[in-house]
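Me: Hi! Could you walk me through this structure, with the cut-offs spelled out as we go?

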Amino acid sequence: MHFSDLNAFFRYGSSFLLGSHEFEVVSPDCHIQYVSSGGFTAFAQNKHYYLSENSIFYCPKGAIYRFEVDEKH
């Protein structure tokens, strides 16, 4: 599935430069992050996922996560 195939309602949207987190964060709300360029590894719920350009990261409310950004990006 491509991001452009989604037909969702967005109540908030922003663009930001993602940095690495050395500590875990508890998600206060459900959110979706779209990777427009670069890549990072997301560590969530005792698993890890590599996300590259045009990937989506879904994080439900209450999930514990952290990010490790590729230094080359």
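This is a predicted model: local features need pLDDT of at least 70, side-chain atom pairs count only at pLDDT 80 or more; totals for chains, interfaces and linings use all residues.

Me: Which pattern does the protein follow, read along the sequence?
Reply: Residues are numbered from 1 along each chain as its sequence is written, and side-chain values use heavy atoms, leaving out hydrogens and water. Helices (H or I, at least four residues) and strands (E, at least two) are DSSP runs numbered from the N terminus. With zero helices and six strands, the pattern reads β-β-β-β-β-β.

Me: In what order do the four strands of the open sheet stand?
Reply: Two strands pair if DSSP finds at least two bridges between them. E3 (residues 39-44) and E4 are joined in the antiparallel sense by six bridges. The open sheet, with antiparallel pairing, has the order E1-E6-E3-E4.

Me: Why is one side of E1 and of E4 left without a neighbour in the sheet?
Reply: Strands E1 (25-26) and E4 (47-52) each have a single partner strand, so one side of each lacks a neighbour: both stand at the edges.

Me: Is Ser27 buried or exposed?
Reply: Ser27 lies in the loop between E1 and strand E2 (31-34). Leaving aside residues up to four places away in sequence, Ser27 touches (heavy atoms within 4.5 Å) Cys59, Pro60, Lys61, Gly62, Ala63 and Tyr65. Buried means under 20% relative accessible area, exposed over 50%, partly exposed in between (1.4 Å probe, protein chains only). At 2% relative accessible area, Ser27 is buried.
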